[in-house]
Amino acid sequence: MKKKLLTFLITILVLLLVFTWLRWGPDSWEVQITGTTGDGREIQYRIETVYAGTSRTLIFRNEDAGFFPPYFKFDSADLQSVARRVKERCPEEAVVVHGYGWRIPFMSMFPNATAIEAPERCLRAVPREDDGAAEGAGD
């Protein structure tokens, strides 16, 4: 009897661990960033993407995970800024978005983005127009 109970408890524990890993374990997606929305307060940050080379969409939420292990994510505003720069500088460039979670449309579930790997040229700020040249042209 004790052996059956122990086997049952171990089976339940293994199933819980597998579910936890599948639900909150890390994953990566190769996508192109097509848009960013949200202000992080009233409207949750979202990163709109398409799978690289396709027209299939994948929307990420971008919210702080707080102290929820193992991510300890507190930089959703910074990540949103990176996504916006990549969208502006390199809209056709495939990037890798790291995150966790599933996309389940009927439950309005989105994976949470934790990092974006993009070429350095896509991460630089968009250059401003040269204010000095514009002023000198009118003289």
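Trainee: What covers the buried residues of α2?

Mentor: The cover includes strands β1 (26-37), β2 (46-51), β4 (95-100) and β5 (112-117), along with helix α3 (120-123). Helices (H or I, at least four residues) and strands (E, at least two) are DSSP runs, numbered from the N terminus. Contact means heavy atoms within 4.5 Å. This is a predicted model: local features need pLDDT of at least 70, side-chain atom pairs count only at pLDDT 80 or more, and totals for chains, interfaces and linings use all residues. Residues are numbered from 1 along each chain as its sequence is written, and side-chain values use heavy atoms, with hydrogens and water left out.

Trainee: Which residues of α2 are buried?

Mentor: Buried means under 20% relative accessible area, exposed over 50%, partly exposed in between (1.4 Å probe, protein chains only). In α2 the buried residues are Ser76, Leu79, Gln80, Val82, Ala83 and Val86. They line one face of the helix, because they fall within an arc of 160° seen down its axis. The arc is taken from the directions from the helix axis to the C-beta atoms.

Trainee: Why would residues a few places apart point the same way?

Mentor: An α-helix has 3.6 residues a turn, so residues three or four places apart point the same way. Helix α2 covers residues 76-89, which is 14 residues. From first C-alpha to last, α2 reaches 20 Å, close to the 20 Å expected. That expected span is 1.5 Å times one less than the number of residues.

Trainee: Which residues touch the most other members of the largest nonpolar core?

Mentor: A nonpolar core is a set of buried Ala, Val, Leu, Ile, Met, Phe, Trp, Tyr and Cys residues joined through side-chain atoms within 4.5 Å. Here the largest has 17 residues, and Ile33, Ile47, Phe60, Val86, Val95, Val97 and Ile116 touch the most other members. Helix α2 gives the largest share, four residues. Beyond its neighbours within four places in sequence, Val95 contacts residues including Trp29, Ile33, Val86 and Ile116.

Trainee: How many disulfides does a search of the whole structure find?

Mentor: A disulfide is a pair of cysteine sulfur atoms within 2.5 Å. The search finds one. Cys90 and Cys122 form it, with sulfur atoms 2.0 Å apart. Cys90 sits in the loop between α2 and β4 and Cys122 in helix α3, so the pair ties together parts 32 residues apart in sequence. Cys90 is buried at 6% relative accessible area, and Cys122 is buried at 0%.

Trainee: Do β1 and β2 run parallel or antiparallel?

Mentor: Two strands pair if DSSP finds at least two bridges between them. β1 and β2 run antiparallel, joined by six bridges. Val31 has Tyr51 in β2 as its bridge partner. β2 and β3 also pair in the antiparallel sense, over five bridges. There, the bridge partner of Ile47 is Phe60 in β3.
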